[in-house]
Amino acid sequence: MLLKRFLQYSHQHKLFSPSGTILLAVSGGIDSVVMTDLFFRANISCGIAHCNFTLRGEESDAEELFVEQLARKYNMPFFVKRFDTKAFAHQHHISVQEAARMLRYAWFEELRAQHHYQFIATAHHQDDNIETFFINLVRGTGIRGLTGIKVRQGNIIRPLLFCSRKEIEEYARENQLAYREDSSNQQTKYLRNQIRHLILPVFSTLRPGFRHTMEENMKRLEEAVAIIDEILKTKKKEIIEYKDNEIHLSIEKLKSCSCPSLLLYDILKEYGFSSGIIHEVLQSADSQSGRQFFSGKYRLIKDRESFILSPLPEEEENIRHYIDEVPAEIFSPLPLSFTIVPATDFSIPSHNNMAALDLDKLEFPLILRKWKAGDYFVPLGMKGIKKVSDFLIDCKVPVHKKENVWTLLSGEKIVWIVNYRIDDRYKITSETKNILLVELKK
């Protein structure tokens with residue numbers, strides 16, 4: 001009996017407790033109707049959520065009405081929302097199917113949190129699982145993509161993954177359950193439907209136990225993924241070093257790994273990097289420093305001995321911060337203190353995080369901004385001007401560090417490249433009476 005297996009499967013995977021509350025995602029199709037009936041017979045407190053994606057006109061509206069009546073039949077709270085799915089897809093440059101997926105799951109989670117449901121239940125079943133395997137296989141995927149749909153993923157549970165579509169149809173027929181048939185399910189213009197109607201029937205003909213074999217295959221793949229994850233976890237610790245807001249990946253240790261591309265992708269995917277870029281990154285390992293790779297919010301730079309991963313810098317090139325009077329202390333964008341000290345018996349600091357400037361040569365307000373192309377100054381100890389870009393190259397400042405170099409200006413002249421070098425024209429001399437001591441706090 002399907003109800004008994006439903007309860008056993010849910011208990012085995014700890015999907016919900018008898019006292020829990022579940023939000024059911026119900027389209028009105030046979031799968032979600034059967035799921036609703038099973039939860040009702042199991043005496044679990046549930047609510048029903050239905051999305052009207054307004055894609056099929058009157059058919060979509062008829063489904064909404066049907067699900068509302070279904071909620072009345074089972075005496076369950078009913079929630080419905082209409083979406084302009086095509087407009088959302090166009091706005092975000094994604095397919096209509098992807099837009100519908102994003103919209104429904106975002107709304108389901110909003111409902112779950114607002115009405116304090118424990119989980120969201122979807123009616124994915126065994127056939128959906130196998131179809132997903134082949135979809136990922138066709139599109140290209142790593143081994144995780146071949147393990148199928150997860151029984152539980154965050155706040156989403158899938159309590160029907162144990163049964164086939166045929167078993168669901170038999171249950172609906174035996175219990176005389178009415179449901180709606182989505183006409184688009186019969187169209188073969190979508191990849192899932194092509195696999196469902198054209199590919200899987202051939203496999204089932206070739207091997208009658210095909211579906212059971214596929215379930216076993218995916219279980220073994222999931223076990224293999226668990227083993228691989230343990231190995232990757234150990235390898236990550238060996239090659240990753242965290243420095244401030246950066247992640248440094250040792251190139252030497254990465255290259256010595258037996259599966260560098262798998263390891264690198266496992267690290268970078270969390271930061272939005274696609275699998276297609278991994279080969280290029282690894283090829284750059286033996287090239288000169290400076291090559292950069294980008295995801296939406298992160299950048300990977302090839303340095304001398306490491307790949308350096310960091311968030312993309314904010315647009316601060318044109319932002320100026322003013323220091324009107326001293327003594328003063330600021331905390332943003334840098335923690336700096338400005339102190340006036342007499343020149344008598346003053347020892348010039350030897351640390352780059354401190355600048356001792358002749359106060360009488362300075363023009364207020366002082367300006368703090370990031371360096372930019374074309375900037376120049378006279379480095380302490382030199383007589384001629386030097387471009388800041390050339391100075392940073394001479395100091396072997398990595399590319400990703402250069403973008404975070406700040407300059408302190410008097411008027412439009414640089415007096416200090418913060419944390420590196422002051423301008424020779426503003427240094428302390430025997431004629432200096434008052435000194436402005438600027439310190440970059442650690």
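**Reading salt bridges, helix packing and burial**

Reply: Let us begin with the accessibility of one residue in this predicted model. Arg211 counts as partly exposed, because its relative accessibility is 27%, and a residue is called buried only under 20%.

Me: With which residue does Arg211 form a salt bridge?

Reply: A salt bridge is assigned when a side-chain nitrogen of Lys or Arg lies within 4 Å of a carboxyl oxygen of Asp or Glu. Arg211 meets this condition with Asp127, the closest N and O atoms being 3.0 Å apart. The pair links distant parts of the chain, since Arg211 belongs to helix H9 and Asp127 to helix H6 (residues 126-139), 84 residues apart. Asp127 has 5% relative accessibility and therefore counts as buried.

Me: Which residue pairs with Asp128 in a salt bridge, and how far apart are the closest N and O atoms?

Reply: The partner is Arg165, with the closest N and O atoms 3.9 Å apart. Here too the pair links distant parts of the chain: Arg165 is in helix H7 (residues 165-174) and Asp128 in helix H6, 37 residues apart. Arg165 is buried, at a relative accessible area of 17%, and Asp128 is buried as well, at 7%.

Me: Which residues do salt bridges that share partners join into one network?

Reply: The network consists of Asp127, Asp128, Glu131, Arg165, Arg192, Arg196 and Arg211. Over the whole structure, the search finds 35 salt bridges.

Me: How many residues separate Glu68 and Arg72, and in which helix do they lie?

Reply: Both residues lie in helix H3 (residues 58-73), 4 residues apart, which is about one turn of the helix. Glu68 forms a salt bridge with Arg72, and the closest N and O atoms are 3.2 Å apart. Glu68 has 26% relative accessibility and so counts as partly exposed, whereas Arg72, at 57%, counts as exposed.

Me: How should I read the packing of two helices, and at what angle do H6 and H8 pack?

Reply: One reads the angle together with the separation of the axes. H6 and helix H8 (residues 191-206) pack at about 105°, and their axes are 10 Å apart. An angle of 65 to 115 degrees counts as roughly perpendicular, so H6 and H8 are roughly perpendicular to each other.

Me: Which residues of H6 and H8 meet?

Reply: On the H6 side they are Asp128, Ile130, Glu131, Thr132, Phe134, Ile135 and Arg139. On the H8 side they are Leu191, Arg192, Ile195, Arg196, Leu200 and Phe203. By class, the contact of H6 with H8 comprises 7 nonpolar, 1 polar and 5 charged residues.

Me: At what angle do the axes of H9 and H11 cross?

Reply: The axes of helix H9 (residues 210-239) and helix H11 (residues 260-268) cross at roughly 80° and come within 10 Å. That angle makes H9 roughly perpendicular to H11. H9 contributes Ile228, Leu232, Lys235, Lys236 and Ile239 to the contact, and H11 contributes Leu262, Leu263, Asp266 and Ile267. By class, the contact of H9 with H11 has 6 nonpolar, no polar and 3 charged residues.

Me: What is a disulfide, and how many does a search of the whole structure find?

Reply: A disulfide is a covalent bond between the sulfur atoms of two cysteines. The search of the whole structure finds 0 disulfides. Cys259 is in none, and the nearest cysteine sulfur, that of Cys257, is 3.8 Å away. The cut-off for a disulfide is 2.5 Å. Cys259 is partly exposed, with a relative accessible area of 26%.

Me: Where is Phe273 found, and is this residue buried or exposed?

Reply: A residue in a loop is read by its accessibility and its contacts. Phe273 is found in the loop between H11 and helix H12 (278-283), and it is buried, with a relative accessible area of 4%. Leaving aside neighbours within four places in sequence, Phe273 is in contact with residues including Tyr265, Leu268, Phe293, Phe294 and Leu309.

Me: Which residues are in contact with Asp424?

Reply: Leaving aside neighbours within four places in sequence, Asp424 is in contact with Val378, Pro379, Leu380, Gly381 and Met382. Asp424 lies in the loop between strand E21 (421-422) and strand E22 (434-440). With a relative accessible area of 10%, Asp424 is buried.

Methods: Residues are numbered from 1 along each chain as its sequence is written. This is a predicted model: local features need pLDDT of at least 70, side-chain atom pairs count only at pLDDT 80 or more; totals for chains, interfaces and linings use all residues. Side-chain values use heavy atoms; hydrogens and water are left out. Axes are lines fitted to C-alpha atoms, for helices over the stretch in contact, and angles run from 0 to 180 degrees between N-to-C directions. Angles under 35 degrees count as roughly parallel, over 145 as roughly antiparallel, 65 to 115 as roughly perpendicular and the rest as oblique. Contact means heavy atoms within 4.5 Å. Ala, Val, Leu, Ile, Met, Phe, Trp, Tyr, Cys and Pro count as nonpolar, Asp, Glu, Lys and Arg as charged, and the others, Gly among them, as polar. Buried means under 20% relative accessible area, exposed over 50%, partly exposed in between (1.4 Å probe, protein chains only).
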